[in-house]
Each structure stands twice: as structure tokens, then as C-alpha cells.
2 protein chains.
Amino acid sequence: MSDHSISKATLGRLPEYLRLLKSIEKEHQTISATVIAKYLGFGEVQVRKDLGAVSGKGKPKIGYVTSELIERLEYCLGRNNLCQVVIVGAGKLGRALLDYQGFSDYGLEIVAAFDLAVDDVTFSESGKPIYPMREFEGFCYKCDIKIGVITVPKSAAQEICDLMVKNNISAIWNFAPEILHVPDNVVVQQENLALSLAYLNQ
Amino acid sequence: MSDHSISKATLGRLPEYLRLLKSIEKEHQTISATVIAKYLGFGEVQVRKDLGAVSGKGKPKIGYVTSELIERLEYCLGRNNLCQVVIVGAGKLGRALLDYQGFSDYGLEIVAAFDLAVDDVTFSESGKPIYPMREFEGFCYKCDIKIGVITVPKSAAQEICDLMVKNNISAIWNFAPEILHVPDNVVVQQENLALSLAYLNQ
């Protein structure tokens with residue numbers, strides 16, 4: 001993905017648009033925001049705004065050329081350029097993420113996990129490899145990994161973060177309840193599951 | 001928790017304040033925002049704002065009475081009134097949440113999971129019960145459950161949601177990639193893990 005102007009809310013809906021358009025591409029060579037809104041049960045204003053961010057305004061009376069819109073959606077979702085991601089920490093949460101199918105919708109694939117407690121490579125339920133930590137450096141280098149997920153306990157999080165940074169990972173998704181210190185060129189997204197649930201309770 | 005005026009960002013920091021104050025209560029019977037900021041490495045402006053939302057302004061030259069501030073934080077975090085939560089769907093993610101320790105920081109406890117594939121009660125690693133679905137109704141009634149977590153596949157999500165609503169659950173945290181339809185008096189928080197990771201990649 002390379003377009004910073006798309007909001008998180010819009011991004012969240014793009015896979016739905018893409019799925020719809022692919023399923024009706026044969027019947028609709030062109031399609032309007034109105035028709036798309038009806039198919040998906042979304043508001044028309046929202047659809048116009050979402051598609052506007054992705055592909056500009058449609059043509060008057062015609063709307064969008066379906067194949068072009070599909071291409072733009074695939075580009076925005078990084079489908080043509082699958083980004084490989086690694087996880088450190090193969091506990092329950094790490095394994096759940098490793099086997100979660102939904103990331104490919106966004107051009108992302110979690111390709112492997114690493115864990116201190118693993119001595120030899122093992123495999124997750126869906127067949128993805130879980131390597132010992134000593135394989136981490138070589139793997140990141142070989143696959144040019146840019147995104148890392150941290151699902152280790154709080155006490156180990158900063159150390160793993162440092163290791164990721166040292167191996168040229170520039171975006172970190174952190175599930176450990178620990179504020180990570182990183183250089184300016186590295187982005188951290190802090191995931192606080194407890195807080196999400198707590199906020200629901202307000 | 002009962003105070004809607006606290007932002008999610010502030011709420012996320014409250015457990016840190018509480019931990020700190022409890023650890024230094026003996027040495028500091030009163031404490032200023034400046035001192036708290038130094039201990040935690042937070043900005044002073046942020047600390048003033050956070051504590052202001054929780055407990056009003058401190059007294060000039062003195063700051064806050066530590067024991068009173070602890071009391072206010074505990075109130076805001078619902079510590080005196082633990083809220084019980086149930087999960088439906090005891091796959092990897094459901095089990096990871098069931099055994100996650102961090103919810104108690106926010107006055108929440110996931111007390112049990114339910115799963116269609118379970119015939120007799122089993123137990124998670126941390127010893128929490130996983131019941132067959134037929135126990136759901138009785139359990140919710142007996143424990144007066146108000147919050148439910150959905151970690152079932154997309155295809156089953158609406159059905160489970162309906163069941164929760166029928167059993168007086170009024171707040172739902174949904175991990176299934178499905179837009180849930182609920183009555184106006186029910187709150188749904190949609191968790192989209194794929195989207196969080198995707199946004200990091202922008």
C-alpha cells in the first residue's frame with residue numbers, strides 16, 4: 001500500500017468493494033456509486049467518498065469502468081505486491097494471528113513465527129513455520145522483511161523490538177503491554193486489547 | 001466504569017498511574033502532576049489533563065492526596081465492581097483472550113467461553129471453563145452477563161450475536177469480519193485485526 005490519503009475507515013471497506021466488483025464484473029462493465037451502494041447496503045455518500053479517495057470521481061452518467069476500479073482497489077490494497085510479515089512470540093495469540101486468513105485481503109501475509117522456546121522448526125495448524133529465534137536474523141535478511149508483530153510477554157518486548165529494528169524492520173505491531181522505544185524512522189502501532197474491551201464497558 | 005467523559009487515550013494510561021501511586025503511596029501522602037510525570041516519563045501537560053479528567057484539578061502547591069487519587073482511579077477503572085464477560089468461540093483467538101491477564105486492569109474478567117464444538121465442559125490453560133453452547137442461556141442469566149465477545153467464524157457471527165442480545169447482553173466485542181445487526185440499545189465494537197496491520201503498512 002502506498003497511498004497515505006486513505007482513511008482507516010475507508011481502507012476497512014475496500015475489500016468489500018473489491019469482492020463485489022469481481023463478482024459482478026461480467027454483467028457490469030461500468031458501474032455507478034449508486035448501484036454499488038445498493039448492492040452492499042452502504043450509504044451512497046459514503047460509497048462516493050470511498051471510491052473518490054481510491055479512484056477519483058466517476059464519469060457523469062456512466063460511473064466507473066469496472067475493470068479500472070478493480071485495478072485501483074487492488075493497487076490500494078497492495079494485492080499486486082504481497083508484503084511479508086513475521087511474528088515473534090508463538091503463544092496462543094501469536095499462533096492465532098499466524099493462522100488468521102484475513103490479512104491477505106490487505107496484501108499482507110504473515111509468513112513465519114519465531115519463538116525463544118522453540119528448538120527446532122515446528123508448524124502451525126495451517127502449516128506455517130515456527131522457527132527458533134536464532135533463525136530470525138537470516139530469515140529477515142533473506143526475505144527482506146519490513147513488518148514485524150510482537151506477541152511476547154511485556155518483559156521481553158523491548159529486546160525483541162530492538163532486534164527487529166537491528167534487522168531493518170521499519171513497522172512494528174506490538175501486542176505486549178509495553179511502550180516501545182524506537183528510532184524516528186520506525187513506526188509502532190500499539191495494540192491494547194484490554195483497552196478495547198474496557199472502552200466498550202464505558 | 002461509568003464515566004463517559006474519559007477519552008480512550010486517557011483510559012489507556014490510567015492503569016499506569018494506579019500502579020505507580022500504589023507503589024509509592026507510603027512515601028508520598030500527597031503528590032503533584034509534575035512528580036508523577038517524572039516517575040512515568042510522561043509529559044506534564046498530558047498528566048495534568050489525564051488526572052484532571054479523573055479527579056479534577058489538584059490543590060495549589062500540594063497536588064493530589066495520593067489515597068484519594070487512588071480511589072478515583074480505581075473507581076474510573078471499575079476495580080470495585082468487576083464486570084464479568086463471556087466469549088463465544090473457543091478457537092485459538094478465543095482461548096488467547098480467555099487466558100489473557102490484562103483485562104483485570106480495567107475491572108473486567110472474562111469468566112467463561114462457550115463453543116459449539118464442545119460437548120462437555122473443558123478448561124483453558126489458566127483453568128477457565130469452556131462450556132457447550134447449551135449452557136449459554138443459563139450462565140448468562142445466573143451471572144447477569146452484560147458483555148459478550150464473539151470469536152466465531154463470519155458465517156456464525158450474526159446468529160451468536162442474536163443469541164447474546166436475546167440473553168440481555170448489551171455490549172458486544174466482535175472479532176468476526178461481519179457487520180452485525182443489533183437493536184439500538186446494544187453497542188457493538190468491531191475489531192478488525194487485519195485492518196490494524198494493513199494500516200501500519202500504509
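Helix 2 of chain A passes helix 3 of chain A in a right-handed crossing, where right-handed means that the near helix is turned clockwise from the far one by less than a right angle, and left-handed that it is turned anticlockwise. Helices (H or I, at least four residues) and strands (E, at least two) are DSSP runs, numbered from the N terminus. This is a predicted model, in which local features need pLDDT of at least 70, side-chain atom pairs count only at pLDDT 80 or more, and totals for chains, interfaces and linings use all residues. Residues are numbered from 1 along each chain as its sequence is written, while chains are lettered from A and ligands numbered from 1 in the order in which they are written.

**Helix 2 and helix 3 of chain A**

- The axes of helix 2 (residues 33-40) and helix 3 (residues 44-55) of chain A come within 9 Å and cross at roughly 120 degrees; axes are lines fitted to C-alpha atoms, for helices over the stretch in contact, and angles run from 0 to 180 degrees between N-to-C directions.
- Helix 2 of chain A contributes A:A33, A:T34, A:I36 and A:A37 to the contact, and helix 3 of chain A contributes A:E44, A:V47, A:R48 and A:L51. Two residues are in contact if their C-beta atoms, placed from the backbone, lie within 7 Å.
- By type, the residues of this contact between helix 2 and helix 3 of chain A are 5 nonpolar, 1 polar and 2 charged. Ala, Val, Leu, Ile, Met, Phe, Trp, Tyr, Cys and Pro count as nonpolar, Asp, Glu, Lys and Arg as charged, and the others, Gly among them, as polar.

**The loop residue A:G58**

- A:G58 lies in the loop between helix 3 and strand 2 (64-65) of chain A.
- A:G58 counts as buried because it has 20 C-beta neighbours inside 10 Å. A residue is buried if 20 or more other C-beta atoms lie within 10 Å of its own, exposed if 12 or fewer, and partly exposed in between, with C-beta atoms placed from the backbone.
- Apart from its neighbours within four places in sequence, A:G58 is in contact with A:S32, A:A33, A:G63 and A:Y64.
- A:G58 and A:A156 are 98 residues apart along the chain, and their C-alpha atoms are separated by 50 Å.

**Chain A overall**

- Chain A has 8 helices and 9 strands.
- Its C-alpha atoms fill a box of roughly 60 × 40 × 35 Å, taken along the principal axes.
- Of the 202 residues in chain A, 35% are buried.
- Among contacts in chain A with a separation of 6 or more, 54% involve residues 24 or more positions apart.

**The sheet of chain A**

- An open sheet of 7 strands in chain A has the order 5-6-4-3-7-8-9 and mixed pairing; two strands pair if DSSP finds at least two bridges between them.
- Strand 5 (122-123) and strand 9 (187-190) of chain A stand at the edges with a single partner strand each, so one side of each has no neighbour in the sheet.
- Strand 7 and strand 8 (residues 171-174) of chain A run parallel and are joined by 4 bridges. A:G148 stands opposite A:I172 in strand 8 of chain A.
- Helix 7 (residues 154-166) of chain A packs on the sheet, touching strand 3, strand 7 and strand 8 of chain A, and its direction makes about 170 degrees with that of strand 7 of chain A.

**Helix 5**

- In chain A, helix 5 (residues 92-99) is largely enclosed by the rest of the structure, because 7 of its 8 residues are buried.
- The buried residues of helix 5 of chain A are A:K92, A:L93, A:G94, A:R95, A:A96, A:L97 and A:L98.
- Their cover includes strand 3 (83-88), strand 4 (108-115) and strand 7 (147-150) of chain A, together with helix 5 of chain B.

**The two copies and their contact**

- Chain B can be laid on chain A with an RMSD of 0.0 Å by a turn of 180 degrees and a shift of 0.0 Å along the axis; copies are superposed by least squares on the C-alpha atoms of residues with pLDDT of at least 70 in both.
- The two copies are therefore related as by a two-fold rotation axis.
- The same surface serves both copies, as 100% of the contact residues of chain B recur in chain A.
- The contact takes 36 residues from chain B and 36 residues from chain A.
- On the side of chain B that touches chain A, helix 8 of chain B gives the largest share, 8 residues.
- The residues on that side of chain B divide into 21 nonpolar, 9 polar and 6 charged.
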